[in-house]
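Subject: Structure handover and findings

Hello,

Here is the structure we talked about. Please load it and keep it open while you read; my notes follow.

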Amino acid sequence: MQSWSSVPVPTLPGRGPELRLYDTADRQVCPVAPGAMATMYVCGITPYDATHLGHAATYLAFDLIHRLWLDLGHDVHYVQNVTDVDDPLFERADRDGVDWRELSEREVNLFRADMTALRVLPPRDYVAATEAVAEVVELIEKLVASGAAYVVDGEHPDVYCRADATPQFGYESGYDRDTMLRLFEQRGGDPRRRGKTDELDALLWRAARAGEPSWPSPFGPGRPGWHVECAAIALSRIGSGLDIQGGGSDLIFPHHEFTAAHAECVTGERRFARHYVHAGMIGWDGHKMSKSRGNLVLVSTLRAQAVEPSAIRLGLLAGHYRADRWWSQQVLDEAAGRLQRWRTATALPAGPDSADVVARVRRYLADDLDTPKAIAALDGWTTDALEYGGHDEGAPTSVAAVIDALLGVDL
């Protein structure tokens, strides 16, 4: 699947500190120490509706990581999937009277346009689930052969993975069984499915049903489950031992827990990823922004209202990536005002010395992507530049370059 177009990233002089990120599995901020090639897998959209600000906030967080790795001199192998075969997509297509493939193509194109507008650096591999069915089938065959998976007998011989197939299952989320069961049912699981050996066993292959697309497999015609899709794509594109598995915090369980477990079953490794990184939720109208609630603020709608994408990006970066936070008109207005002040200051013929602010921005972002502190440092330089001026002719250009390279904001 074609990704979206990239933007040039300025090369900054010098080098910042190594990146440290909160690891969900370790419950603490830990150093991230990739090799020359830094690898990252981030879960993509299920394309049954347009990109909302919750999506945008998640992909901006991992865009910061991408940019910081580039600044540290790493080559970056970033993979993102598209879950273009799933129940919500079929349900929306049926509701709207359109073919599910047409709906998927339309929403993926809109997502690409939103990511391009927000200046999110594209993944190297952008892979649709429908493009990876062969890899999924191969992975499921290995799971069945090892005894980690089994076929449920009956009219629909679905294939499931045993939740206890790896002794470390549950290490990523740290949730107790009651919490797991509650979230499993809320987030696409089927704990009441008859024939399963455990309520938490996760679907690997859904046997063909009337009116649903299907592909041939050794287990009979059907389609991939959600979690195994990401495990197969990550293993086939990056391999085992990736540096970061990431997404929104609502994916911690069951999606990321099971994705890791499926991969660990076949690789024999203790951890699928060296770091598990999750972004917080964006709220609007008193609730987490979600399609099911219908309380969405869409990136495309804001763009259609002539809201500048750089202001959207800056508004989302004003809060810490791990924090659940609220979007409002005030947040957008403050971001637009900040953007204008930064542009005015960096257009000056000279300004205060920039070495300190550039170093501070690098240091704050390296410390678990602390964008509020980085923005405050830039606000301080901007205030000094606008109120007191300066004699460093290269300072405005240097500050504009660090804002572009690391925060991804176009001045």
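Which backbone nitrogen does a side-chain oxygen of Asp370 reach at the start of α12? That of Lys373, to within 3.3 Å. Bear in mind throughout that this is a predicted model.

**Helix α12**

The helix runs over residues 371-388. Its 18 residues should span 26 Å at 1.5 Å a residue, and the end C-alpha atoms are 25 Å apart, so the two values agree. Just after α12, Gly389 has a positive phi of about 70°.

The buried residues of α12 are Thr371, Ala374, Ile375, Ala377, Leu378, Asp379, Trp381, Thr382 and Ala385. An α-helix has 3.6 residues a turn, so residues three or four places apart point the same way. Among the elements that cover the buried residues of α12 are α1 (53-71), α9 (309-317) and α10 (329-346). The cover also includes α11 (355-366) and α13 (395-407).

Ala401 sits in α13. In sequence, Ala401 and Val9 are 392 residues apart; in space, their C-alpha atoms are 8.7 Å apart. Beyond four places in sequence, Ala401 touches Pro10 and Leu12.

**Cores**

The largest nonpolar core has 71 residues. Leu53, Ile65 and Trp327 have the most contacts inside it. Helix α1 gives this core its largest share, 11 residues.

Leaving out residues up to four places away in sequence, Trp327 touches Leu53, Ile282, Gly283, Trp284, Met289 and Val297, among others. The list of its contacts also includes Leu302, Ile312, Gly315, Leu316 and Leu332.

A second, separate core has 33 residues. Cys43, Ala132, Val133 and Phe219 are among them.

**Aromatic pairs**

How many aromatic pairs does a search of the whole structure find? The search gives 12. Two of them follow.

Tyr59 and Phe111 form an edge-to-face pair, 5.4 Å centre to centre, with 75° between the planes. Tyr59 is in helix α1 and Phe111 in helix α3 (residues 100-117). The two residues are 52 residues apart, so to speak of the chain, this pair links distant parts. Tyr59 is buried, at 4% relative accessible area. Phe111 is buried too, at 0%.

Tyr175 and Phe253 have ring centres 6.2 Å apart and planes at 70°, so this pair is edge-to-face. Tyr175 is in the loop between β7 (159-161) and α5 (177-186). Phe253 is in helix α7 (residues 252-267), and 78 residues separate the partners. Buried or partly exposed: which is Tyr175? Tyr175 counts as partly exposed, at 29% relative accessibility. Phe253 counts as buried, at 0%. Tyr175 and Phe253 also belong to one aromatic cluster with Phe169, Phe184 and Phe258.

**Backbone points to check**

Phe253 has another entry here. A cis peptide bond joins Phe253 and Pro254, with omega about 5°. Pro254 is in helix α7.

Arg27 is in the loop between β1 (20-23) and β2 (28-31). Arg27 is partly exposed, with a relative accessible area of 39%. Ala306 is in the loop between α8 (299-304) and α9. At 68% relative accessibility, Ala306 counts as exposed.

**Two buried polar residues**

Glu107 is in helix α3. At 8% relative accessibility, Glu107 counts as buried. A polar atom of the Glu107 side chain lies 3.3 Å from the backbone nitrogen of Ala50. Beyond four places in sequence, Glu107 is in contact with Ile45, Pro47, Tyr48, Asp49 and Ala50.

Gln245 is in strand β10 (residues 242-248). Gln245 counts as buried, at 0% relative accessibility. Its contacts beyond four places in sequence include Tyr41, Glu172, His256, Thr259 and Phe272. Ala273, His275, Tyr276 and Val277 are also in contact with Gln245.

Best regards

How values were computed:
Residues are numbered from 1 along each chain as its sequence is written. This is a predicted model: local features need pLDDT of at least 70, side-chain atom pairs count only at pLDDT 80 or more; totals for chains, interfaces and linings use all residues. Side-chain values use heavy atoms; hydrogens and water are left out. Helices (H or I, at least four residues) and strands (E, at least two) are DSSP runs, numbered from the N terminus. The expected span of a helix is 1.5 Å times one less than its number of residues. Buried means under 20% relative accessible area, exposed over 50%, partly exposed in between (1.4 Å probe, protein chains only). Contact means heavy atoms within 4.5 Å. A polar contact is a pair of N or O atoms within 3.5 Å; within protein, one must be able to donate a hydrogen and the other to accept it, and residues adjacent in sequence count only if both atoms are side-chain atoms. A nonpolar core is a set of buried Ala, Val, Leu, Ile, Met, Phe, Trp, Tyr and Cys residues joined through side-chain atoms within 4.5 Å. Rings of Phe, Tyr and Trp (its six-membered ring) pair if their centres lie within 6.5 Å; planes under 30 degrees apart count as stacked, over 60 as edge-to-face and the rest as tilted.
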